[in-house]
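Colleague: Could you walk me through the pockets, the cavity and the helix packing in this one?

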Amino acid sequence: MAALSEPIRRLVTELMWLKEEFNLASKPPRARQKQLAAEMAVIRIYDAWARYCRELVILSASSNVVTLSGAVIPPVVKRRSDVIPALLATYKKNRYEPKWERATDCIDAARRLNIANIGTLAAALGASNSPADEIRHVRNYYAHRRQRAAALAISCNIFAGSKPIVFDLAAYKNAGETFLESWINGLMLVATAASQ
């Protein structure tokens with residue numbers, strides 16, 4: 001029997017590793033290493049989130065998975081390998097997996113599969129306090145360097161200066177909490193709520 005605690009454990013392990021590596025690179029006088037670490041941390045954090053969301057839906061659809069609260073979620077497909085084909089069969093034109101990291105796409109996939117824990121998953125992933133969209137805007141800027149991506153990243157009000165060239169993940173977002181820590185803590189809260 002699978003447990004939803006395993007995807008959270010993997011997510012938290014990777015997020016903590018990224019946080020530690022970023023903190024090491026942020027020590028002065030390493031400005032260039034700090035910028036490189038910031039860019040890679042944002043990209044990897046968002047990728048880790050996408051993998052977590054995908055695994056949450058796949059486990060919920062294919063296993064007698066145990067939630068963090070101890071409830072057993074009955075499977076809707078017989079084998080794990082059948083989940084993605086079953087999901088793709090529900091789309092008219094889409095031949096590719098959804099963008100799992102986007103709450104709307106992940107929730108839509110869970111609804112299409114008719115998983116038993118859709119209410120909990122939708123409430124958690126769709127929460128307005130999730131940092132996933134803010135991370136996505138910054139990630140897209142770093143990954144694509146396009147004008148529209150830059151405009152969306154600037155709208156997050158987290159870049160230093162007038163151009164989104166240097167982003168200080170070690171800057172404080174809240175009292176005593178850096179942007180990186182805030183994002184990581186926020187993702188862990190959403191993941192925990194989604195796995196209840």
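Colleague: How does the lining of the largest cavity divide by class?

Modeller: Happy to start there, with a note that this is a predicted model, where local features need pLDDT of at least 70, side-chain atom pairs count only at pLDDT 80 or more, and totals for chains, interfaces and linings use all residues. Residues are numbered from 1 along each chain as its sequence is written, and side-chain values use heavy atoms, with hydrogens and water left out. For the classes, Ala, Val, Leu, Ile, Met, Phe, Trp, Tyr, Cys and Pro count as nonpolar, Asp, Glu, Lys and Arg as charged, and the others, Gly among them, as polar. On that basis the lining of the largest cavity has 7 nonpolar, 1 polar and 2 charged residues.

Colleague: Which elements give two or more residues to the lining of the largest cavity?

Modeller: A cavity here is a set of points on a 1 Å grid over the protein atoms alone where a 1.4 Å probe fits but cannot get out, and lining residues have an atom within 4 Å of a point. The lining residues are Trp 49, Cys 53, Trp 100, Glu 101, Arg 102, Ala 103, Cys 106, Leu 125, Ser 130 and Ala 132. With helices taken as DSSP runs (H or I, at least four residues) numbered from the N terminus, the elements that give two or more of these residues are helix 2 and helix 4.

Colleague: What is the volume of the largest cavity?

Modeller: Grid points are joined across faces, edges and corners, and a volume is the space filled by probe spheres set on the points. The count comes to 1 cavity of 30 Å³ or more. The volume of the largest cavity is about 40 Å³.

Colleague: Which helix gives the largest share of the lining of the largest pocket?

Modeller: A pocket is an open set of points with protein on both sides within 12 Å along at least five of seven lines, and the largest one holds about 190 Å³ of space. Its lining includes Glu 101, Arg 102, Asp 133 and Arg 136, and by class it has 4 nonpolar, 4 polar and 4 charged residues. The largest share, 3 residues, comes from helix 6.

Colleague: And which helix gives the largest share of the lining of the second largest pocket?

Modeller: That pocket has a volume of about 150 Å³. Of its 10 lining residues, Leu 18, Glu 21, Phe 22, Ala 37 and Met 40 lie nearest its centre, and the lining divides into 8 nonpolar, no polar and 2 charged. The largest share, 6 residues, comes from helix 1.

Colleague: Are helix 4 and helix 5 roughly parallel or antiparallel?

Modeller: Two packed helices are described by the angle between their axes and the distance between the axes. Axes are lines fitted to C-alpha atoms over the stretch in contact, and angles run from 0 to 180 degrees between N-to-C directions. Helix 4 and helix 5 pack at about 175°, with their axes 10 Å apart. Since angles over 145 degrees count this way, helix 4 is roughly antiparallel to helix 5.

Colleague: Which residues of helix 8 meet helix 5?

Modeller: Helix 5 (residues 118-125) and helix 8 (residues 179-194) pack at about 165°, with their axes 8 Å apart. That makes helix 5 roughly antiparallel to helix 8. Taking contact as heavy atoms within 4.5 Å, Thr 120, Leu 121, Ala 124 and Leu 125 in helix 5 meet, in helix 8, Val 190, Ala 193 and Ala 194.

Key
Parallel < 35°, antiparallel > 145°, perpendicular 65-115°, else oblique.
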